[in-house]
Amino acid sequence: MSQKKSVFLETHNINNRATGLGTFNYELIKGLQQLSFDNLELHLNSGKPDLLKNEFGNKFEYHKYRSFHRYKYFRPMDKFDLWHSVNQNSKLEPRTNTNYLLTIHDVNFVEEISSDMNHKRNRLFLDKLERANAITYISEFAKKQTHDYFKVPNVPEYVIHNGNPISTLLDTSDFTSTVPVDKPFFYTIGDFIERKNYASIINMMKLIKDHNLIISGNNSKKYGAVIRKLIDDNGLQNQVFLTGKVSDQAKQYFMKNCTAFLFPSIREGFGLPPIEAMSFGKPVFLSDKTSLPEIGGDIATYWTNFDPEYMKAVLFDGLDHFNSNKNEIEILLKKRAASFDWKIAASEYLKIYNEILK
């Protein structure tokens, strides 16, 4: 019997499930768990391997991630047949030369940190590119953006869309909101970083009196303070509410009960929240930037600029159209959301593992 080939998934970002990368790590593993891979031994890396083992049992092998593993001389000694760098920013690398698959989510760091190719962030990424035997991208946009800024090696490249993180609809009937939900409200969720562009929808809210806006996500960062100041300076404390991080139940409650989901992000490698909102048949309003048209397709409504009057007009025209054709559009939204499937994505990754290891 031929010996199993070992694949190491560098998944230490799984510890922070509130971020896009944390969600990606977790959902990819969950997708893989549903598949059979008898010829492979998949190894997961996590700061809390026991939690993963409790959830996924003997389907995988587990490794404890420690922060010093990022330093060259403390890299893990084990030899694997394939190393999957699940995130292009990970500092942890194999100690020995081995097959190497790189997954690229975005290269926003070139635009946001430095375009100098000698900057340490770009050097880290260039080293990964040079190592790669194959590259996967989470969107056509991420592929285009990488090619725009970097000389990509001549290796096989694949685009594998992420799946929809909402695989189970939760019972939200006993959920109690910590922010007012007595008025119709718009909802958005994401990390509090400038590219999420929450300021644009808060400026729009100055022109809207009959709805509230609820924003979820970790707002303890610098941009959170900027947003709180904007709310206070405009006297919107009774109309725009920040929930902080939320549970899955809370997120589903707000998505299920909102009038519309707003996502004005200006840089997005993929953008999972709009897909989640579409699962509930909710109209989604997105910026037309980067990967978002790839996610929303022709069923979403897009803002092409962030002038508050214009944004309000697009929003209410879109809501009128939605409400006039509600049943039909809800079905199309749910169908669009269901087309993004983690089990399908995971099977694509497995195919690539086998392809590289042939």
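Strand E6 (residues 134-137) pairs with E7 in the parallel sense over three bridges, and Tyr137 stands opposite Val159 in E7. Two strands count as paired if DSSP finds at least two bridges between them. Welcome to a predicted model, in which local features need pLDDT of at least 70, side-chain atom pairs count only at pLDDT 80 or more, and totals for chains, interfaces and linings use all residues. Residues are numbered from 1 along each chain as its sequence is written, and side-chain values use heavy atoms, with hydrogens and water left out. Helices (H or I, at least four residues) and strands (E, at least two) are DSSP runs, numbered from the N terminus.

**The sheet and its helices**

- The open sheet has seven strands in the order E3-E2-E1-E4-E5-E6-E7, with parallel pairing.
- Its edge strands, each pairing on one side only, are strand E3 (61-64) and strand E7 (157-159).
- From one strand to the next, the twist averages 20 degrees.
- Helix H2 (residues 49-56) lies across strand E2 (40-46) and E3, and runs at about 165 degrees to E3. Angles run from 0 to 180 degrees between N-to-C directions, and axes are lines fitted to C-alpha atoms, for helices over the stretch in contact.
- Helix H4 (residues 120-131) also packs on the sheet, where it touches strand E4 (82-85), strand E5 (99-104) and E6. The direction of H4 makes about 130 degrees with that of E5.

**A residue to look at in H4**

- Asn122 has its place in helix H4 and is buried, with a relative accessible area of 0%. Buried means under 20% relative accessible area, exposed over 50%, and partly exposed in between (1.4 Å probe, protein chains only).
- Not counting residues up to four places away in sequence, Asn122 touches Phe109, Val110, Ser114, Ser115, Asp116, Met117 and Phe150. Contact here means heavy atoms within 4.5 Å.

**Helix pairs**

- The axes of helix H1 (residues 20-33) and helix H13 (residues 342-357) come within 8 Å and cross at roughly 80 degrees, which makes H1 roughly perpendicular to H13. Angles under 35 degrees count as roughly parallel, over 145 as roughly antiparallel, 65 to 115 as roughly perpendicular and the rest as oblique.
- Phe24, Glu27, Leu28, Gly31 and Leu32 in H1 meet Trp342, Lys343, Ala346, Tyr349 and Leu350 in H13. By class, the residues of this contact are seven nonpolar, one polar and two charged. Ala, Val, Leu, Ile, Met, Phe, Trp, Tyr, Cys and Pro count as nonpolar, Asp, Glu, Lys and Arg as charged, and the others, Gly among them, as polar.
- Helix H6 (residues 198-205) is largely enclosed by the rest of the structure, because six of its eight residues are buried.
- The axes of H6 and helix H7 (residues 222-233) come within 10 Å and cross at roughly 10 degrees, so H6 is roughly parallel to H7.

**Nonpolar cores**

- The largest nonpolar core has 64 residues, of which Leu9, Leu28, Leu42, Phe60, Tyr187, Phe254 and Tyr353 touch the most other members. A nonpolar core is a set of buried Ala, Val, Leu, Ile, Met, Phe, Trp, Tyr and Cys residues joined through side-chain atoms within 4.5 Å.
- H13 gives the most to this core, with nine residues.
- Apart from it lies another core, of 23 residues, including Phe192, Ile202, Leu262 and Leu319.
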